[in-house]
Amino acid sequence: MSTPLKQIHLAAHFPGVNNTTVWSDPEAGSHIEFSSFAHFARTAERAKFDFLFLAEGLRLREQGGKIYDLDVVGRPDTFTVLSALAAVTDRLGLTGTINSTFNEPYEVARQFASLDHLSGGRAAWNVVTSWDAFTGENFRRGGFLPQDERYSRAKEFLATATELFDSWRGDEIVADQASGTFLGDARAGAFAHRGQHFDIAGQFNVPRSPQGRPVIFQAGDSEEGREFAAAAADAIFSRYSTFKEGQAFYTDVKGRLARHGRTRDQLLILPAATFVLGDTDAEARELAHEVRRQQVSGATAIKHLEFVWNRDLSAYDPDGPLPDIDPDPGEHTIARGRAQVRMYRDPLAVAREWRELAAANKWSIRDLVIETGNRQSFIGSPATVAETINSFVQADASDGFILVPHITPGGLDVFADTVVPLLQERGVFRTEYEGTTLRDHLGLAHPGTEAHRERAAS
C-alpha cells in the first residue's frame, strides 16, 4: 500500500523594507499603506494559503549611529494591521509576531483573544524574545535579558497567557433577556498566577474565542528555541530552506516532541523561502541574478561588510577589493540591533574565509556579498518550483513554506497564478478551504474544555 501524499502548507510573509525586498523596483508599492497589505492578503487568500505573517520591528535599526536605508520605514503596529485585514478577508489566517520580553501577558492575551473574535477564529501568535539592549532602550525596563532568562520569561509568559485564554470555558454567556441573566457563572475569567516573572490575579475580560486560543508559532534555531517549540508551539519557523539542512532540522525538532507528551503531527515545521519564477529555468536563473544585484546595491554591500568588520568602511569602493585591515572584534558593534551580527561569532575567521573566496573568484566586495548572502530558495519555471516544493514536503524536509516575495505587494501574484494550480493538480494542496479557522487549515485540534471544567469545579 502506498503512503498517502502529505498536504503542503503555504503561507505568505509581508516583510517590510529589508534586504529581501527590492523597494526601488518600479513594481514595488508602499510598505505602510493599507492598500498594500490588503492586496497581499487577498492574493494569499485567493490562492488558499493557510495564513499571512507579519514580522515585528520595535526600533529602527542603525549603522554607525545612522538609520540604515533598508529599514527606514520600520513596520506598522501588528495588531492594527491584522485587525484591519480581518475585515477584508474571510478564511486567511492572520499571524503576528509579538515580543515576550517587552510586553505583558494580560495585554497580549487580550489583544489576541480580541483578534480571534474579530476574525472568526483566524488569529496566530509568533512568540519571540528580544536579544539586544538597543531595542530595550525604547521600553521602561531598558536593557535586555540574558538568553536563559529570555526563554524562562517567554515560557512563563506563554503559560500565563494560556491560563488567561482558558479562564473562560466558553459556555458562561447566557444572555437570557427574559430573566435578565447575562452570565451563568460569576467566576468567568477568574485567574491567579504566581511565578518568577509574573504575579497577577483578577478576571480576564474577553470571553473564550472561536479557536479557544490562538495558534502558537515560534521562531528560533537555538537549543532553547527548539525545545520551547517542541514543548509549547503549534508550528516553528525555520531558516533551513536547503534539502539536507531541512531534513536534519525536521528530524531533530520532531524527535523532541515525544518527551513532552506530543505527537509528530502536533507541530508543523515551516521554513521561510524566497522564489524567482520564469517561463523557463534558464530565464528564472537570469532573473534571479538580476534580483540579487538589485537587493545588494553598492551601499548595501558596504553596510553588510561592516557587520563583520565592525568598522566604518564607507571610504571603500564596493566594486573594489576587500579591506586589507582586519575586523575589530570588540564588544560594541556599529550595527546595533541587527540580527546578522550574531551570525558572525568569529569575525577574524570569517574575514580570512571571505578573502580567500574573493581572491580565488576575483570578486569585488559587492560580488562577495551577493555570492555569500542569502540566496533565493526556489528558482525555476512554475513546474520546477512546484516539483521542488513538493519533494521537500514529501521527504520530510518541511511541512510547507512561508513564502517571501522580493516585490511587495504584487510579488505573490505570479506564484498564486502559476505554481499553486500545479500543486493542486498533484493533489498536494487544497482547492478550497475545508474549515473556517486557522486551526482547521493547519490540521490542528481545537483546545478541549475538560481541563477548563475541572479548573472551574476546583
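User: A charge sits over a ring if NZ of Lys or CZ of Arg is within 6 Å of the ring centre and within 35 degrees of the ring normal. Over the ring of which residue does the charged end of Arg430 sit?

Analyst: The model is predicted: local features need pLDDT of at least 70 and side-chain atom pairs count only at pLDDT 80 or more, while totals for chains, interfaces and linings use all residues. Residues are numbered from 1 along each chain as its sequence is written, and side-chain values use heavy atoms, with hydrogens and water left out. The charged end of Arg430 is 5.6 Å from the centre of the ring in question, that of Phe429.

User: How many aromatic pairs are there?

Analyst: Rings of Phe, Tyr and Trp (its six-membered ring) pair if their centres lie within 6.5 Å; planes under 30 degrees apart count as stacked, over 60 as edge-to-face and the rest as tilted. The count under this rule is 21.

User: What is the geometry of the pair of Phe49 and Phe415?

Analyst: The two ring centres of Phe49 and Phe415 are 6.4 Å apart. Their planes stand at 85°, so the pair is edge-to-face.

User: How many residues apart in sequence are the parts that Phe49 and Phe415 tie together?

Analyst: Helices (H or I, at least four residues) and strands (E, at least two) are DSSP runs, numbered from the N terminus. Phe49 belongs to the loop between α1 (34–46) and β2 (51–54), and Phe415 to helix α13 (residues 413–425). The pair therefore joins parts whose separation in sequence, in residues, is 366.

User: Is Phe49 buried or exposed?

Analyst: Buried means under 20% relative accessible area, exposed over 50%, and partly exposed in between (1.4 Å probe, protein chains only). The relative accessible area of Phe49 is 0%, so Phe49 is buried.

User: What is the angle between the planes of Trp125 and Phe157?

Analyst: Trp125 is in strand β6 (residues 123–128) and Phe157 in helix α5 (residues 147–165), so this pair connects parts 32 residues apart in sequence. Both residues are buried. The pair is edge-to-face, 5.8 Å centre to centre, and the angle between the planes is 65°.

User: How many strands form the closed barrel?

Analyst: Two strands pair if DSSP finds at least two bridges between them. The barrel runs β1-β2-β5-β6-β11-β12-β13-β16 with parallel pairing, and its number of strands is eight.

User: Over how many bridges do β6 and β11 pair?

Analyst: Strand β11 covers residues 215–219, and its Val215 stands opposite Ala124. The pairing of β6 with β11 is parallel, and its number of bridges is four.

User: Which residues is Thr372 in contact with, leaving aside neighbours within four places in sequence?

Analyst: Thr372 lies in helix α11 (residues 365–372) and is partly exposed, with a relative accessible area of 32%. Contact means heavy atoms within 4.5 Å. Apart from those sequence neighbours, the residues in contact with Thr372 are Trp354 and Leu357.

User: What is the omega of the peptide bond from Thr408 to Pro409?

Analyst: Most residues other than glycine have a negative phi, and most peptide bonds are trans. Pro409 is in the loop between β16 (400–403) and α13. The bond from Thr408 to Pro409 is cis, with omega near 5°.

User: What is the phi of Asn310?

Analyst: Asn310 is placed in the loop between α9 (298–309) and α10 (347–361), and at 8% relative accessibility it counts as buried. Although Asn310 is not a glycine, its phi is positive, at about 55°.
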